[in-house]
Amino acid sequence: MVSTHPTGVQDSGNKYLPPKNTDNKNLSPNQQLLPLTARTNNSGHLEIGGCDVVTLVQQFGSPLYILDEESLRTACRQYRDSFQNYYKGESQVLYASKAWNCLAVCAIVASEGLGIDVASGGELYTALTAGVTPDKIYFHSNNKSREELIYASESGCTIVVDNWYELSLLVELGKNNSSESSVPIRIMLRLTPGIDCHTHEYIRTGQLDSKFGFDPNHLDELFEEINKHKSILNCVGLHAHIGSQIFERQPHRDLAQLMVKWLQNANSKGLNITELNLGGGLGITYIESDDPPSIEEWVKPICEAIEETCNTQNLPLPKLLCEPGRSLIGTTCVTAYTVGSSKKIPGIRTYIAVDGGMSDNPRPITYQSVYRAVIANKMSAPITETVTIAGKHCESGDVLIKDATLPTTEPGDILVVMGTGAYNYSMASNYNRLPRSAAVLVELGEANLILRRETYQDLVRQDCLPEKLS
Ligand SMILES: Cc1ncc(COP(=O)(O)O)c(C=O)c1O
Ligand SMILES: N[C@@H](CCCC[NH3+])C(=O)O
């Protein structure tokens, strides 16, 4: 695979487009700003998956999430193939569906052979409804409810146990259920590795001061406790996740070595750990200066570190799992908005307002995340202005992009924000009672609705008006 970076070339009409004349399957989707199929068509419009973005907005309205099937499938295959090429043992890539969980996305990644990491009963329900088989579903959360644990154990998925309370609940559930025929609950243990990485503090999870996972200083007690309940709990593996939007490679190499040591320790205490899950975290390109490794460049050193450490310790290779979210889906999607009002404050800035904002993309207001945009109906027009893209919410901080460089914009233009596949729809809200946006899946000139736009009726569907008020 070729890693082509920096993204885009100037001479294809717009600098954010993927390079021309390259086999797209050789580009790592996480390193591109726009989906792999993006191009400027003969009308000078942005086209994705063979569909004109301006026409998509006419047909489906805006804001509109536009998901490129080819990019998503390419990312899945690159993860899967890289493990097959660089790891001699068994492997399984899971999609961290918290990035974007819905039926169509679950179905696509599962059809590429990936499993799914779910983080709630709702995500589990969606994955099962999409037809994902429970043997490929792994259930996370630092505070799974009793009901969620019953649902997960009855469905037959693997539960990634996060803490002592959850462990005690599982033991209790297992005891209540135990009969000659009952099968032990399949679990893994999430440990906090104490490995730091450079990313926003809100999305860092590997450091000791984290709400997630068991403290590795208590491994002996933990393994002893698991050993006592072998008829109830079938503990197959260990898990760790150090954070998200990471560009460095060393933290995951260090993690790989550390996890083999944990495995050795666990098995020396009588457990039979055969799986290691190193979590997700590979970053994506949101702006030109972002320089994440390609999918292949991320997978290879992890495989090498596990193999080297196992060989040195004379250990059989464990089944190796990882669970990327952002790097699988982040850059495979854009959000199209319609430009509305504007406000020029002389000497300060010009605000251009769009018909969505923090409700469909809460990342800028939550993490000060930065994005880039193009005008879909003016892809070859010269860049003339630096403007601030504001959302339509009743909140001063509802700004999608602080300094967007764009052609001259007018009301009715279609503004496209790139890299919105991860943690946008999944973190969307109805703030100001905005109906949640629709999403379409595009491929080879065909667009299929995968999320219906909410209506005003949907907004009041769960409301209850007590009789005394009506
Ligand atoms: C346990 C776990 N696994 C996987 C992921 C996915 O991370 P990313 O989207 O950075 O690949 C996360 C999110 O950070 C997570 O908390
Ligand atoms: N929601 C975060 C990522 C959190 C990942 C889940 N642990 C983001 O948008 O960057």
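The protein chain splits into two domains: domain 1 covers 10–65 + 335–459, and domain 2 covers 70–329; those bounds come from an automatic or database domain assignment. Before I go on, a reminder that this is a predicted model, where local features need pLDDT of at least 70, side-chain atom pairs count only at pLDDT 80 or more, and totals for chains, interfaces and linings use all residues. Residues are numbered from 1 along each chain as its sequence is written, while chains are lettered from A and ligands numbered from 1 in the order in which they are written.

Back to the domains. Taken over C-alpha atoms, their centres are 32 Å apart. Where they meet, 27 residues of domain 1 are in contact with 27 residues of domain 2, contact being C-beta atoms, placed from the backbone, within 7 Å. On the domain 1 side, β19 (438–443) and β20 (446–451) each supply at least two of the touching residues. Helices here are DSSP runs of H or I with at least four residues, strands are runs of E with at least two, and both are numbered from the N terminus. By class, that side of domain 1 has 13 nonpolar, eleven polar and three charged residues. For the classes, Ala, Val, Leu, Ile, Met, Phe, Trp, Tyr, Cys and Pro are nonpolar, Asp, Glu, Lys and Arg are charged, and the others, Gly among them, are polar.

Now to ligand 1. Which residues come nearest? Of the 18 around ligand 1, they are Ala 96, Ser 244, Gly 280, Gly 325 and Arg 326; a residue is near if its C-beta atom, placed from the backbone, lies within 6 Å. This shell holds six nonpolar, nine polar and three charged residues.

Next, helix α3, residues 103–111, where Val 105, Cys 106, Ile 108, Val 109 and Ala 110 are buried. Buried means 20 or more other C-beta atoms within 10 Å of a residue's own, exposed means 12 or fewer, and partly exposed is in between, with C-beta atoms placed from the backbone. Among the elements covering those buried residues are α2 (69–86), β5 (91–96) and α10 (326–329). Just after α3, Gly 113 has a positive phi of about 90°.

Let me finish with Tyr 456, which sits in helix α12, residues 456–460. Why is Tyr 456 counted as exposed? Because Tyr 456 has 9 C-beta neighbours inside 10 Å. Its C-alpha atom is 6.6 Å from that of Pro 435, 21 residues away along the chain.

Technical notes:
Contact = placed C-beta atoms within 7 Å.
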